[in-house]
Amino acid sequence: MTLRTRITLLTLALLAFSLLLIGASVYGTLRGTLYNNLRNELQDASQTAVTLIKNKGSLADLPNNVYGTALLIPPTIPAPTPDDILGGAAFLIPPSASLGSSGLGENALLGISPQALNEILTAGGVYTSTQLVQPSGAVVPLRVRGQRVVTEVAGFPLGASQVILLVGKSTEPIETLLHDFAQIYTATALLVLIFGGFLAYRLVRSTLEPLEWVAKKAEEIGDKFEELPQLEGNNEVASLVRSLNRMLHRLESAWQTQTRFLLDASHELRTPVTAILGHVGYLMRRTQLTPQQRESLEVVAREGERMRKLVGDLLELSQTGGWRVELGSVHIPTVLYEIQEEYGRSFEGRIEVEAPDNLWAVGDPERLHQVIANLVSNAIKANSTQIRLVARDLSERLVIRVEDNGEGIPPEHLPHLFERFYRVDKARDRERGGSGLGLAIVRSIVEAHGGSVWVESEPGKGSVFSVSLKRAEAPQPELAG
Ligand SMILES: Nc1ncnc2c1ncn2[C@@H]1O[C@H](COP(=O)(O)OP(=O)(O)O)[C@@H](O)[C@H]1O
Ligand SMILES: [Mg+2]
């Protein structure tokens, strides 16, 4: 997942969580307040009901949205039980108009449970939710306040009596309100989420764009230690660019120091080696030597020769990067036939060339010659009997393959082959006069040409080294005039 998507998703998740939290707390508070109000309204309605009982002996004048009933308990039952009431021992005082006039049936108790009734009788009051079934069959959810009061009842001659008063109100308006709120809030929250997600995505994109730009620029730098273009302003990205540039400087100077050291060291070594070889040669040609002395001097001469080659290779390699490649058009078949000629004489096997006639590469003829010569001498050292030099035209580029049927290279060595001083078998390759620098030189020359080199090999069967170069047009013959 990209950083951009991750940050956007995280922002969205945070937004969604906040919206959920806000919604839940507003909903909770709203619900609490509405039901609290309802409770207070029921208390007021109860007081009105008591007054009505006392003055009119009927609840018919209660407001339309209030359901009220009252049961008068005759003084003959001083301590009534729920069973007494349910058994019909109490008289019904005319109920509120909202309940209708015809037979109340179950609704005489506004749907409260026997337990709630018991609580009214023992504790004096209850506050509960019930359901009222209307004659039409519709069910109305109610909050009911039940109370046992002692009051005079108008039209009842026996003085103050116990009355069970039940007053209820529908919770439907509250539930509708809450439902509407939830719907509107959800829709709004969704809109906010969509808009917020879009905004977050845009914001993250514009924030990350400079970083992508830096990455792209750094990618373009390639082999040279070129600086990144400095950014305006003082933000994090500008300081990242500054740090990268500082790092590039340090790298460049470390690299230069190393190159200079290698260059100086190999240069300094060349003189003594030349002197040693000169004197050994003189001794062997011009003086009388015992057989032991001659043998020792031959060893000195051989090792000295090896040293000279090594120093020469080192010197070349230290010029890497600063290769004086004179890029022009190189006629590839000519290079390959030259090599065939050069190595064919001393080599016992066969060297074949297969190249289209009119194939030119962008390059330096000397250096390309050196590359192929290096690959061919490696192939010879690997005990090949047949070497093929194949060039192929790939329109934009061309590939030169050096194929041999030598001993091949075990796969674990392949990734390191082009490293400096890397040899597959140290003892064996030293014996054969290798320094391990040949392929490192090959690679640095090819890369200085903007090309690439790679190897495929199978132990026991042979190896193929391929060099890819930019193709060039045949140079125009100079026209006289
Ligand atoms: N064509 C080849 N076949 C088998 N082994 C090879 C071939 N070319 C290179 N190698 C192995 O890769 C090693 C590195 O090659 P190179 O860098 O030219 O060093 P060297 O100076 O030993 O030739 C060699 O020592 C050799 O073991
Ligand atoms: Mg070599």
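Mentor: Before we read this model, one definition: two strands pair if DSSP finds at least two bridges between them, and the strands themselves are DSSP runs (E, at least two residues), numbered from the N terminus like the helices (H or I, at least four residues). The model is a predicted one, in which local features need pLDDT of at least 70 and side-chain atom pairs count only at pLDDT 80 or more, while totals for chains, interfaces and linings use all residues. Residues are numbered from 1 along each chain as its sequence is written, and chains are lettered from A and ligands numbered from 1 in the order in which they are written.

Trainee: Which residue of β5 is the bridge partner of Thr 151?

Mentor: The partner of Thr 151 is Ser 161, and this bridge belongs to the antiparallel pairing of strand β4 (residues 139-151) with β5, which extends over ten bridges.

Trainee: What joins β5 to strand β1?

Mentor: Eight bridges join β5 to β1 (residues 66-73), and the two run antiparallel; one bridge partner to look up is Gln 162 in β5, which faces Ile 73 in the bridge list.

Trainee: In what order do the strands of the open sheet stand?

Mentor: Five strands form the sheet in the order β2-β1-β5-β4-β3, with antiparallel pairing. Because β2 (91-93) and β3 (125-133) each have a single partner strand, they stand at the edges, and one side of each is left without a neighbour in the sheet. Neighbouring strands are turned against each other by 30° on average, direction ignored, where axes are lines fitted to C-alpha atoms, for helices over the stretch in contact, and angles run from 0 to 180 degrees between N-to-C directions.

Trainee: How many residues of β5 are buried?

Mentor: A residue is buried if 20 or more other C-beta atoms, placed from the backbone, lie within 10 Å of its own. By that count seven of the ten residues of β5 (161-170) are buried, so described as mostly covered, whereas of the 481 residues of the protein 23% count as buried.

Trainee: Which helix lies across the strands?

Mentor: Helix α1 (residues 3-56) lies across β1, β2, β3, β4 and β5, running at about 140° to β5; contact here requires C-beta atoms, placed from the backbone, within 7 Å.

Trainee: What does the C-alpha trace span along its principal axes?

Mentor: The trace spans about 165 × 70 × 45 Å.

Conventions. Buried ≥ 20, exposed ≤ 12 C-beta atoms within 10 Å, placed from the backbone. Contact = placed C-beta atoms within 7 Å.
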